[in-house]
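Open your viewer and switch to a cartoon view. We will go from stop to stop, with something to select at each one.

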Amino acid sequence: MKSVFVCNPASSLHQLMQDNQKAVHAYNMSALLHTQRIVCICLLAAIIIGTFLDTFRPCIPGYATTLILCFGIAKLFHRQHWQKYTLHGLYLMVAVLALITFYISLVMFPYRPTAIACMFFGFIPMLFIDRPIRYYSLLGLLYLLYGILVLWCKGSETGGVDAVNALISAFAGTFLGLLFLRSRLGFFEAQRQLFREKTTDVLTGLGNRRKLYELISAIQTGEKARPSGLLMLDIDLFKHFNDTYGHAAGDTCLHGLGRLLTAMEAEFHAGFYRYGGEEFVGLLWNCDSAALEQIAEVIRLNVQTIAVTGPHMTVSIGTLYGQDADTADVEKWLNFADQALYAAKENGRNQVVCWHPEI
């Protein structure tokens with residue numbers, strides 16, 4: 001299976017990040033914690049070594065301060081309330097690492113070239129995922145500031161060596177960072193497309209039963225908003241239609257109905273799913289009982305306009321308004337809507353029946 005990344009040019013990176021926001025956010029959260037651990041281990045090692053070497057001993061306060069700040073940033077942005085600001089935490093950590101880099105290079109070792117700037121500008125571009133224009137603009141500004149300061153503080157000879165070394169590291173890090181970004185987003189997109197294939201009905205383009213139950217599970221746990229109501233619809237006499245006109249004509253019916261329901265999702269603030277065979281389920285938000293019945297009627301009438309072989313297609317629909325049901329269990333709502341659908345079939349098909357306890 002080809003990912004969208006493979007098919008699209010590099011200019012689609014921003015679109016890929018939008019399409020895979022959840023995966024990117026999860027990766028950045030992981031990157032924040034991993035970076036904190038790596039930095040803490042390196043700084044602890046530097047502090048231990050510094051206690052034995054006179055050259056590095058003056059750097060210990062800077063190392064210790066950076067360690068505390070990085071540890072604090074990771075802990076703060078790992079909390080539930082702050083997790084949505086993970087990118088802010090990562091940029092804050094970059095700023096802290098830039099400060100310790102500038103401090104060691106410019107203050108602690110002002111008379112000789114230092115490797116820490118090379119490490120910083122080479123490592124940071126591969127740290128986390130964000131829009132390249134924002135990410136690399138920040139790195140460019142940091143390098144510009146570092147280059148000016150290093151030439152001013154160390155002079156043209158020593159400072160020039162530091163500036164050139166850091167620039168080479170920045171270019172190498174940026175190149176590797178872009179390769180990493182494209183590879184990672186390509187992987188995320190491939191995973192998203194694979195998941196979409198598993199949860200999408202190929203014939204209708206709607207979510208399948210698995211996706212419906214995943215949504216219901218998310219609703220029951222509070223991760224998703226509870227719908228106002230739902231409906232179940234069934235194509236009338238579909239088996240007879242298949243036997244009369246063939247399965248290809250039946251597939252055309254299903255495909256046409258899928259296109260119609262997909263077009264109505266945004267208009268009615270709904271999600272439609274193929275429940276099985278010729279039966280479909282719709283979940284609707286932000287509507288009252290009258291609007292729910294009206295939407296079901298609009299669907300019923302529009303289905304009759306779908307071009308099919310033979311007589312026009314009709315559907316029977318059962319609806320369930322959430323406040324009418326004496327339960328908040330959305331899975332049980334399916335059973336109630338199915339009862340209303342069965343009543344619509346029994347009453348002559350091609351009609352909408354709203355569930356009530358007496359059905």
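Select residues 132-199, helix α7: a straight helix of 68 residues would span 100 Å at 1.5 Å a residue, yet the end C-alpha atoms of α7 span only 31 Å. The expected span is 1.5 Å times one less than the number of residues, and helices (H or I, at least four residues) and strands (E, at least two) are DSSP runs numbered from the N terminus. This is a predicted model, where local features need pLDDT of at least 70 and side-chain atom pairs pLDDT 80 or more, while totals for chains, interfaces and linings use all residues. Residues are numbered from 1 along each chain as its sequence is written, and side-chain values use heavy atoms, without hydrogens or water.

Now centre on Gly155, where α7 bends by about 135° (the angle between axes fitted to the seven residues ending there and the seven starting there).

Show side chains for Phe195, Lys198 and Thr199 of α7 and Arg210, Lys211 and Glu214 of α8, which make the contact (heavy atoms within 4.5 Å).

Move on to the open, mixed sheet of five strands, ordered β2-β3-β1-β4-β5 (strands pair if DSSP finds at least two bridges between them). Strands β2 (270-276) and β5 (352-354) are at the edges with a single partner each, so one side of each has no neighbour in the sheet. Select β1 (229-235) and β3 (279-284), antiparallel strands joined by six bridges; Leu233 has Phe280 of β3 as its bridge partner.

Finally, show α10 (247-268), which packs on the sheet and touches β1, β2 and β3.

Notes: Axes are lines fitted to C-alpha atoms, for helices over the stretch in contact, and angles run from 0 to 180 degrees between N-to-C directions.
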